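Let's take a friendly walk through a protein model and look at how its charged side chains pair up. Have the sequence and the 3D view ready as you read.

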Amino acid sequence: MYLTKLLVRDFGKFHNKGMDLDTGINLVVGYSESGKSTIRDFLIGMIYGIPRREGITRVRSNYDLRKPQDSSGYSGTAYIKDGDKTYLVDRTFLAGAKKASVLDVASGREVRLEYADTLSGTLCETDKNTY
């Protein structure tokens, strides 16, 4: 399984940005504060989701850190290739909304996630710790 395209609608500092990815290693480079860590968090969030921590914490959660301040949206899309199949993953990170949907591009059918809010077990067999 590998990601072929990212469409960042509203995530952190990015709004309506696309990125094509190749097989193998893709290197993201840039100056400080250019968004490299934001892209990393977007990739992880697309696959595993971003939990919204409740309660008292001294550290800002990734949910709050990457939520756009100047937009009501918080979402993105990724295309994933797995063998000869291509999937479109559409995800909202907003609390209370349906989190992720996976569409088999060839058949047009929605793929049921094995575990809620994560592609782990459905399209990938790793967890966040493996990443």
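Start at Lys85, which is partly exposed with a relative accessible area of 38%. Here buried means under 20% relative accessible area, exposed means over 50%, and partly exposed is in between (1.4 Å probe, protein chains only). This is a predicted model, where local features need pLDDT of at least 70, side-chain atom pairs count only at pLDDT 80 or more, and totals for chains, interfaces and linings use all residues. Residues are numbered from 1 along each chain as its sequence is written, and side-chain values use heavy atoms, with hydrogens and water left out.

What does Lys85 form with Asp104? The two make a salt bridge, with their closest N and O atoms 3.2 Å apart; that term means a side-chain nitrogen of Lys or Arg within 4 Å of a carboxyl oxygen of Asp or Glu. Lys85 sits in strand S4 (residues 85–92) and Asp104 in strand S5 (residues 100–104), so the pair ties together parts 19 residues apart in sequence. (Strands are DSSP runs of E, at least two residues, and helices are runs of H or I, at least four, numbered from the N terminus.) Asp104 counts as buried, at 8% relative accessibility.

The structure holds 5 salt bridges. Another of them joins the side chains of Arg66 and Asp41 (2.8 Å, N to O). Because Arg66 lies in helix H2 (residues 62–66) and Asp41 in helix H1 (residues 36–48), this pair ties together parts that are 25 residues apart in sequence.
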